Amino acid sequence: MAAVADNAAVVGMAEIAQVDPAIYADITGILQNMLADWGVDAADIDLETRLVADLEFASVDIIHLAVAIEEHYKRPRMGFQELLMKDGRYVDDVLVHQLVAFVDAKLAEPRA
Amino acid sequence: MTRTLFIGLDGCTFTVLDSLTSDLPGSGVVMPFLKRLMERGARAALRSTPNPLTPPAWVSIMTGRSPGNHGVYDFVRTEERGGEVYFTLSDSRDVRVETIWSIASRQDRRIVSLNFPITAPPRPVNGSLVPGFVPWKHLRRNVTPTALFDRLKSIPGFDPKELAWDFEKESQSVLELTPEETENWVRYHLGREEQWFRIAEKLLTEDKPDLMAVMFDGTDKIQHQAWPFLDPALFDKDKSEWAQRMIGLCRRYFNELDGYIERLVTLAGPDTQVFFASDHGFAASTDVVRINTILHDLGHLEWHAPDASESGKRRERSWFANLDWKKTVAYCRTPSSNGINIRVATRPGEPGVSPETYEPFREKLIRQLRDIRDEVTGERVFREILKREDVFAGPAMNEAPDLLLGLRDFGFVSIADARPAVAKRKVPVGTHHPDGIFIAAGPGIRAGVKADLRHVEDVAATLLYSLDLPLPADFEGKAAESFFSPEHLAAHPVRTGSPTLPVKDGEVQDGEIPDDEKEKIIKQLQMLGYME
């Protein structure tokens, strides 16, 4: 797994240093495609971009993003609840690098 | 040529339709075209799915299968993992069986399907599909073929924001609104229906699909909030200026809808068979039944203590039950489910009943619920309490609630943490009744026929029959033969063909054509001179 060194250097997080560039590019592409109609600036999406705070995602948009990602990878039911819920509660926001790491981990699992 | 025009009218009920197609004092006939069409056509009440709700019922209409087979029970799908319950929206990948869009497409029929729920993400069809219940932000990516969205943009006045499902606005349909909000609610749907009509008009004119299908859902949304102004038993009761304005506004909606229907039927032409169906009917709901409060009082459910975090506040505002999952054994997930889920512990220490005590627990719960009575009248609150195997038998039964509740007024439960557990509403609201509408008109259809009760699964079979296609052997629905003239039936006998193709995660799988079907095809080709 190659690291996205530039981004890791900027934000200085070990977690981000592990991001797979191909998945990062896929997720960025999916987000940009989604945002094309929304009137939200999608040009500056990076690993620290927050879906809710920066891209104006509502909960229903996150559901549609999950479906779009599952459709892209042809991997239905990837188990997004593991990303979106912590201790029985929905998280307040999701960062792009968290999304990429989640997808990376799920793609590494054998298909059901 | 368009052979079959199918107009879905969400939640449409004969109680209202018969009123709007009759001469009403002060308004005349609100739906004159539909009146004429019904007079030269056939009709039947249409029994909905066991829980008469939009997603399962429309999926039954689109598949000819019951929820225990098609697998869709509610607007949301729920997963319980490790003591956490995760809610997500039901989508096309939850539909476990083949739809009529696919069945017709693979037999060379061109189709257009507009605004039907649970059709996103879309699967390829021989024609065009715009899914229903998708927010405008996601509509472009969910139409098929991909280029269709650009075609839609060429329609004068096309506005995806007005057309598409608005999650925030739609959540109002089950809330109590102020008079001003109620009025705005009806007005909001006037523009939405025109948007869907314009798309239908364009695709019907330009593509002339064999099967043209469009669903108008304002009928349901307006009846939920404006039922007292539509129900003939109620609309004379309130003489206030506002009530009269609301009656006028509701009738304007249906009058405009009548105009859309007339235009589509006219465009389709005199050789087209026209069908109307609704996923359920409507009735007045007078009760509030707080089911999770009842389950709490019975000792089966614990509420989650509210917290002040943003997440906690959001959770409290959501439609879903906010419970202490470590202490809850039986609960209702969503108001629309009208169901109770019993949690079964798969390992020692997990919350829930043990597998061995599941059945005795469920029996006890049924007895307890039967004893819930109206404090004033002594009447039972639950008209019926059904076990899932009795109403949802099939490969998808395990995803159904363990118990399905039928309220005495046909209403939906509340899952709010509030008291009293059972109360009367100040004003009746519209709720889903099990019996909707099924109407047919056109060549080969008998005039003035009131046929016996049909079931939602019969709609898919009837549409395939109208398309001159064989009915899949595994369909539960039957063609509504009583709608058709003896001459038509003699010339077009109902045929049974090979079963539907298997579906996995919403994708139709390549299926082997059964040998007997292969033989028939070869014989037909031989008769036509294509094979020796």
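The model is predicted: local features need pLDDT of at least 70, side-chain atom pairs count only at pLDDT 80 or more, and totals for chains, interfaces and linings use all residues. Residues are numbered from 1 along each chain as its sequence is written, while chains are lettered from A and ligands numbered from 1 in the order in which they are written.

**Chain A**

Select helix H3 (residues 21-35) and helix H6 (residues 96-108) of chain A, whose axes lie 9 Å apart at an angle of about 120 degrees. Helices here are DSSP runs (H or I, at least four residues), numbered from the N terminus; axes are lines fitted to C-alpha atoms over the stretch in contact, and angles run from 0 to 180 degrees between N-to-C directions.

Next, display Ile23(A), Tyr24(A) and Ile27(A) of H3(A), which meet Val96(A), Leu99(A), Val100(A), Val103(A) and Asp104(A) of H6(A). Residues are in contact if their C-beta atoms, placed from the backbone, lie within 7 Å.

**Chain B**

Colour domain 1 (4-59 + 103-280 + 434-448) and domain 2 (286-426) of chain B; such bounds come from an automatic or database domain assignment. Their centres, taken over C-alpha atoms, are 32 Å apart. Five residues from domain 1 of chain B and ten from domain 2 of chain B form the contact.

Finally, select Ser105(B), in helix H5 (residues 100-105) of chain B. Ser105(B) counts as buried because it has 22 C-beta neighbours inside 10 Å; the cut-off for buried is 20 or more other C-beta atoms within 10 Å. Leaving aside neighbours within four places in sequence, Ser105(B) contacts Ile111(B), Val125(B), Asn126(B) and Gly127(B).

Definitions and conventions: Contact = placed C-beta atoms within 7 Å. Helix = DSSP H or I, 4+ residues; strand = E, 2+ residues; numbered from the N terminus. Buried ≥ 20, exposed ≤ 12 C-beta atoms within 10 Å, placed from the backbone.
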